[in-house]
2 protein chains.
Amino acid sequence: MKEFQLIESFFTGRAQSRKDVAVGIGDDCAIVEPAESKSIAISCDTLVENVHFYPDMPAKDLGYKSLAVNLSDLAAMGAEPAWMTLAITLPEVDEHWLAEYSAGLFEIAEYYGVALVGGDTTRGPRSISVTINGQLPKHSGLTRSGARNGDWIYVTGTLGDSALGLDLLRNKASCSESDSTYLINRHYRPTPRVLAGQALRTRASSAIDISDGLVSDIQHILKASNVGATVNVDQLPLSKSLTNSVSTEMAYSYALTGGEDYELLFTVPEAQKGALEIALAETGVKFTQIGQICMGGKLKLMLDKKTFDPINLGFEHFS
Amino acid sequence: MKEFQLIESFFTGRAQSRKDVAVGIGDDCAIVEPAESKSIAISCDTLVENVHFYPDMPAKDLGYKSLAVNLSDLAAMGAEPAWMTLAITLPEVDEHWLAEYSAGLFEIAEYYGVALVGGDTTRGPRSISVTINGQLPKHSGLTRSGARNGDWIYVTGTLGDSALGLDLLRNKASCSESDSTYLINRHYRPTPRVLAGQALRTRASSAIDISDGLVSDIQHILKASNVGATVNVDQLPLSKSLTNSVSTEMAYSYALTGGEDYELLFTVPEAQKGALEIALAETGVKFTQIGQICMGGKLKLMLDKKTFDPINLGFEHFS
């Protein structure tokens, strides 16, 4: 057990504090003091070795990503990050790995002002489970169920980079070194759109973060809101590195179905469009209108004014 | 992935709701509304197969225990249980196992009014990580650091049952069938002292739950409070099933060092002794005074007015 106390030393001493943490790590529970009239957003994501990441993933990037994916969930609700717990299971004590992992974790925790307030360290097959807590004004949470007929559909950032980055890592694709560096970084270090999410909160009608891929995740909004959508494939935001590296059709495939983008997909009523675009522009986050909500419950993809059916094109990511 | 949506169906549909859950399972985050002027207590515990439980542990008991050990941490802070997230990793979809596990989990969740508000289901070696949130009035949390010279030391319930229960399960001990049933149940289904913890909150000076064993866990209070303690071994509360089954010396060994009791160990200033005993008696939870806090930073065990050194007696649990 001494060994595992050593593990804890990598996390306990370095947890940044917040004024609203009354009791931090080291007691039976942490105690935090939410601001008056705030609600708490809670989310939990687990990363398991060989399922969500490969053993060769750099520990520092894994530390970063294990919090980033949770922050992305907070972003999709429009919440402000506050506190997290970390349940980490490791096969053995590897001090170099732990130093790197914790450096990556605290790098992003400090950037977004997240305090590590508790956790558990156990021996076993490597897996990491983070539970994140954020705050937001009461009755202001951005859910998946508010999209209405006529709302405009937007995404932040660019789509498909992460999936191509993974294929590059697995030697299933190749490209120039500078593009490769960019795309792999997008896979290992997704940017949670925390500020954009807060800017959306009072103006968007629905939001979700793209973890499984645009086509898959938009369905959650359509189902929860009981609406349909038209998405214009040629409006999908694609990075130069993506379009440099693969054919246009493959780029669309990555963008539609690649997954792990951790960009926000959101809908905006016509009346809020101007205010939202101003608010988002202030955050400095790129955003692109890609389609519109309609009646009917189905997703229709359009390209050059024709219906676009990626399954018939045999895109390998469409499974 | 379809398979894992099936797993989620065992948890999502059956989560009990609470009025303070504004958005439950199924969005990017849950949103909960803490009561005005309350702090939030947060704790996280992971149970890994072959480390914290054996593969032959009944799934229903594992469901129960995986929340019970977290509730015990809330109890030790004096917090009222509210919301939890569940990160569960399973090697395969076993519907019978899932039905049993979730039945045990929801049995205790409903008893203590805990709403499951989120989680993640992943494939991999079996492990379960619960993060629990409780509420308590601001600035009232019961920590490990408040014990003062002269305070009385108490424990709830009886000690050592769980450790003997585990030895019975592993065929390292034997006893009558009725005692065995009782002791194994104490191992599989510890009772989190939630009501007792709330009764202690304004009256005890420190508290901890006993997970590693009395001798080990009291050190956390002594270290955090910078005090010593005298514990009278012959005052340790022992169940009939324990004393029926092993020698007196072995019973002391189990009670001092066995672990997994999930009883509360707490300290009380002389001035609060009467009020605390009345408040605790109202909860119906058994409690026993076992010693007193002193200066000096060390733990002294006493038996028949002599210093008691369990190491020299070669107690097998003293390692």
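How many residues does the contact take from chain A and from chain B? The contact takes 51 residues from each of chain A and chain B. Contact here means heavy atoms within 4.5 Å. The model is predicted: local features need pLDDT of at least 70, side-chain atom pairs count only at pLDDT 80 or more, and totals for chains, interfaces and linings use all residues. Residues are numbered from 1 along each chain as its sequence is written, chains are lettered from A and ligands numbered from 1 in the order in which they are written, and side-chain values use heavy atoms, with hydrogens and water left out.

**View 1. Chain A meets chain B.** About 3,900 Å² is buried between the two chains, 55% of it on carbon and sulfur atoms. Buried area is the accessible area (1.4 Å probe) that two parts lose on being put together, summed over both. On the chain A side, D28(A), C29(A) and I42(A) lose the most area to chain B, together 18% of what that side buries.

**View 2. Charged and polar pairs link chain A and chain B.** Six salt bridges are counted between the chains. A salt bridge is a side-chain nitrogen of Lys or Arg within 4 Å of a carboxyl oxygen of Asp or Glu. D28(A) pairs in this way with R144(B), with the closest N and O atoms 3.2 Å apart. Strand 3 (38-48) of chain A gives the largest share of the side that touches chain B, 10 residues. Helices (H or I, at least four residues) and strands (E, at least two) are DSSP runs, numbered from the N terminus.

View 3. Domain 1 spans 2-137 and domain 2 spans 152-307. These bounds come from an automatic or database domain assignment. The domain centres, taken over C-alpha atoms, are 26 Å apart. The area buried between them is about 1,900 Å², with 55% from carbon and sulfur atoms. Four salt bridges cross this interface. K65(A) forms a salt bridge with E260(A), the closest N and O atoms being 2.8 Å apart.

**View 4. S162(A) sits in helix 4 (161-169) of chain A.** S162(A) counts as buried because its relative accessibility is 3%. Buried means under 20% relative accessible area, exposed over 50%, and partly exposed in between (1.4 Å probe, protein chains only). A polar atom of the S162(A) side chain lies 3.1 Å from the backbone oxygen of E260(A). Not counting residues up to four places away in sequence, S162(A) touches R186(A), H187(A), G259(A), E260(A) and D261(A).

**View 5. Helix 10 (273-283) of chain B has buried residues K273(B), L276(B), A279(B) and L280(B).** These residues are on the same side of the helix, because they cover an arc of only 135 degrees around the axis. The arc is that of the directions from the helix axis to the C-beta atoms. The face turned away from the buried side carries the exposed residues I278(B) and E282(B). G284(B) follows the helix, with a positive phi near 80 degrees.

Definitions and conventions. Polar contact = N/O pair within 3.5 Å; in protein donor to acceptor, adjacent residues only side chain to side chain.
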